[in-house]
Amino acid sequence: MGDEAARATAFEVVVSIINYRTADMTLACVQSVLLQIGHLNAHVVVVDNESNDGSVEKIEAWIAAQPNGAPVSLIRSADNSGFSGGHNQVVSAFSSRFYFVLNSDAVLRDDCVDHLLKQAQIQPKVGLFAPRLEGEDAQVQTSCFRNPTPVSELIRAAQTGHVTRLFSRYDQPLSMPPVATDIGWASFAAIMIRREVIESIGLMDEGFFLYFEDTDYCIAAARAGWSIAYVEPARVVHFRGGSAPVKKLGAAGKRLPAYYYASRTRLFYKAYGWHGLVAANLLWHVGRSIAAARVLVGGSYPRAVASEARDIWTNFRTPLGDRMGGGRT
């Protein structure tokens, strides 16, 4: 199907995938989707976020080699528009009842799309549908969470069981499968969004370059009356960290990119205002003090991410400013 014809068609589902220097992963992801949508009025759109590594040409050649009418289109972004910007381009260009946002480091298990659509039909007042994320070994990944709060920053920094238990109702990760009413946000590594949600709250905030845009969008959707459903039969294999470096860097204790902290600052400011941002940062420091105190009672000191004590103040003076974290000190 030609791109112009595709743009003019109202689809049941449009699957949106961003490529940034992950051509092989992206094509594996696309192929897993195509195996599931042949019976649907559906379309796959790949956005190349200015990879400049030859991957867009590889993807373009692969699409050109498909049979005429294959439901795949490629958008070459004029710049690296980030996670929100990339997916927003798809929503703006293609009309659909549902948009399935999907990471390039993911592949669908059998009937994933059908399970999501079935749940959407059963629950017409639910706006977002989160599939089960799992590793290659089929072990479930935590993908649904309570909303972040200043207290959750205390828990995150302390990394201490007593603190986590004391403030358990603020602890973000949920047991899987989650209780539906506990879900504040779900990972956008794979999420299906009803068109009416976008019509009521708009596109994702492009002030987030990468990270926390999913949390922000789920908070906005909840404020507009939309809830999130976890659809366990819909399964997605997620190769964590394949499309972004933060998890790997954090696990190694290395310094995270400035844009990560710029997004964190933006989220807390939008969700809780200036005082909430200050409280989140101060409680993070309290948490690290608790972590350090563990040494005094014979415990170990949990590894900290390099420079995080300073980096959480990124863009503090201009919390809605440079999304790349130019305000990092």
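This passage walks through the overall build of the chain and then the pairing around one of its strands. The model is a predicted one, so everything here is read off computed atoms rather than an experiment.

Start with the big picture. The chain is put together from 12 helices and 10 strands. Its radius of gyration is 20 Å, close to the 20 Å that the globule rule gives for 329 residues, so the chain is as compact as a globular protein of that length. Laid along the principal axes, the C-alpha atoms fill a box of roughly 70 × 40 × 40 Å.

As for who touches whom, take the contacts with a separation of 6 or more: 80% of them link residues 24 or more positions apart.

Now zoom in on strand E10, residues 227-238. Strand E5 (residues 106-108) runs antiparallel to E10, and three bridges join the pair. Strand E6 (residues 126-134) also pairs with E10, but in the parallel sense and over eight bridges. Which residue of E10 stands opposite Val107? That is Val237. Val237 is also the bridge partner of Glu134. In general, side chains in a regular strand alternate between the two faces of the sheet.

Conventions. Residues are numbered from 1 along each chain as its sequence is written. Side-chain values use heavy atoms; hydrogens and water are left out. Two strands pair if DSSP finds at least two bridges between them. Helices (H or I, at least four residues) and strands (E, at least two) are DSSP runs, numbered from the N terminus. The radius of gyration is taken over C-alpha atoms; the globule rule is 2.2 Å times the number of residues to the power 0.38. Contact means heavy atoms within 4.5 Å.
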